Amino acid sequence: MPFCALSHLDCPRCGARHDADQVQGTCSCGSPLLARYDLRLVASQVSPGDIAGRPADLWRYHELLPVREPGHVVSLGEGMTPLLALPRLGRALGVPSLLMKDEGLIPTGTFKARGAAVGVSRAAELGVSAIAMPTNGNAGAAWSVYAARAGMRSLIVMPAAAPAVTRAECAAAGAELYLVDGLIGDAGRLVAEAVARRRGYQDVSTLKEPYRIEGKKTMGLEIAKQLGWRLPGVIMYPTGGGVGIIGIYKALRELLELGWVSGDLPRLVAVQSAGCAPIVTAFQAGAAESEPWPDAATVAFGITVPKALGDFLILQALYATGGTAVAVTDEALLADQRAVARLEGCFICPEGAACITAVRQLCGSGWLSGSDEVVVLNTGTGLIYPDTVPTRPPVLSPSGAVPALRDRGQPEG
Ligand SMILES: Cc1ncc(COP(=O)(O)O)c(C=O)c1O
Ligand SMILES: [Zn+2]
């Protein structure tokens with residue numbers, strides 16, 4: 001059995017087939033390309049038991065990933081994040097079987113490390129020596145560090161409003177970094193123009209190369225594995241460019257085809273902010289594609305994507321699984337960010353908190369019921385967004401004292 005069962009790339013819009021062993025961008029029709037594997041070969045040679053015996057990182061699924069040679073893997077130990085039960089919060093919301101896949105515990109602190117590990121490894125394997133990308137911050141940070149580890153140059157352009165710590169990570173890793181006084185689409189235009197002028201750079205913008213999604217699909221593979229090769233009823237995902245939700249959908253379909261899971265696919269839920277909800281609007285209209293969202297703004301910065309290249313793939317995944325799309329306000333998601341920390345001890349990112357608010361809303365509307373097993377994706381650590389929880393703790397003088405509990409209105413312990 002080869003290390004990797006990648007067979008070709010195909011276009012989900014026009015059906016064209018492309019060579020996977022050349023550097024590829026999008027299809028000539030403009031659509032993202034999807035990696036395809038010889039799943040029959042994998043099913044005949046590999047079993048879930050084999051996977052369980054391998055090191056606990058995302059590369060344990062190497063037959064289903066696009067890197068041909070083990071020596072070409074660029075890794076910082078990414079993957080196999082915990083699938084945590086949230087019993088207190090779940091009971092409070094009305095879904096006792098609430099689980100959270102916590103991507104805050106991964107190199108760089110967000111799930112973007114998965115896409116970067118696989119994307120950079122495959123780009124390096126195909127001879128790419130420099131990558132360029134627009135980003136809302138987290139992806140740029142992740143691709144910068146993996147590029148550094150691969151000995152590759154990186155050019156990163158992010159909105160000035162992106163989380164400040166992601167700038168530091170890019171700069172520390174030696175990326176050529178620029179800020180733009182605009183949104184991710186503006187950064188994307190600047191990157192595309194620079195790549196056209198420079199030799200040797202690959203544009204690795206969201207879904208403009210085929211392998212980032214392969215890294216992100218491992219979230220779906222891990223959820224199934226962690227549930228004992230069983231699928232949950234619902235998966236909720238904070239959706240910006242949509243790579244994560246498209247990747248999870250792709251992973252679950254591959255697992256069905258392999259025969260490693262059976263039954264209905266989970267209902268997939270795209271969660272967006274009320275300040276940028278193009279997928280929600282399109283879903284409600286039953287549309288196949290989204291319209292650009294004007295004046296996009298939300299504290300959940302990673303999901304500030306006014307028009308996603310893969311919008312039609314996100315919508316297909318929602319329609320095909322009987323899922324839905326939900327918009328939540330910044331105020332509500334910030335309150336839930338605190339609720340998760342207070343009730344469950346997890347300091348999650350605002351994008352992840354948006355999913356908790358969406359669970360709250362869907363319980364309220366009856367779309368979710370108490371018997372549903374619901375998995376939410378927390379896509380990153382709250383540590384990246386320290387400003388989302390303003391604090392004003394009292395300052396004590398060194399000769400002062402901590403107030404007694406009764407002075408705080410609490411009984412003495
Ligand atoms: C923390 C976080 N969550 C979610 C997203 C949205 O990701 P996707 O492109 O998979 O929709 C991003 C993208 O920047 C992010 O940084
Ligand atoms: Zn095409």
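Author: A term to begin with: donors are N, O and S atoms within 2.8 Å of the metal (3.2 Å for Na, K and Ca), and water is not among the atoms, so sites may look incomplete. This is a predicted model, in which local features need pLDDT of at least 70, side-chain atom pairs count only at pLDDT 80 or more, and totals for chains, interfaces and linings use all residues. Residues are numbered from 1 along each chain as its sequence is written, chains are lettered from A and ligands numbered from 1 in the order in which they are written, and side-chain values use heavy atoms, with hydrogens and water left out.

Reader: Which protein donors does the zinc ion (ligand 2) have?
Author: Cys11, Cys14, Cys27 and Cys29, each through SG, lying 2.3 Å from the zinc ion. Along the chain their spacing is C-x2-C-x12-C-x1-C.

Reader: Why is the arrangement of the 4 donor atoms called tetrahedral?
Author: Because the angles they subtend around the zinc ion run from 102 to 119 degrees. Four donors count as tetrahedral if all angles lie between 85 and 135 degrees.

Reader: Is Cys11 buried or exposed?
Author: Cys11 is buried, because its relative accessibility is 4%. Buried means under 20% relative accessible area, exposed over 50%, partly exposed in between (1.4 Å probe, protein chains only). Cys14 has 45%, so it counts as partly exposed.

Reader: Now ligand 1. How many residues surround it?
Author: There are 17, and the closest are Lys112, Asn138, Gly240, Gly242 and Thr379. A residue is near a molecule if one of its heavy atoms lies within 4 Å of it.

Reader: What lies 2.8 Å from an oxygen atom of ligand 1?
Author: A polar side-chain atom of Asn138 does, and so does a backbone N or O atom of Gly240. For Gly242, a backbone N or O atom is 2.7 Å from an oxygen atom of the ligand. Taken alone, ligand 1 exposes 400 Å², and the protein buries 97% of that. Such areas come from the Shrake-Rupley method with a 1.4 Å probe; for residues, only the protein chains shown count as cover.

Reader: Different topic. Where is Leu207?
Author: In the loop between strand E9 (201-203) and helix H8 (212-216). Helices (H or I, at least four residues) and strands (E, at least two) are DSSP runs, numbered from the N terminus. Leu207 has a positive phi, near 65 degrees, and is not a glycine. With a relative accessible area of 4%, Leu207 is buried.

Conventions. Four donors count as tetrahedral if all angles lie between 85 and 135 degrees; four count as square planar and six as octahedral if opposite donors are over 155 degrees apart and all others between 65 and 115; anything else is irregular. A polar contact is a pair of N or O atoms within 3.5 Å; within protein, one must be able to donate a hydrogen and the other to accept it, and residues adjacent in sequence count only if both atoms are side-chain atoms.
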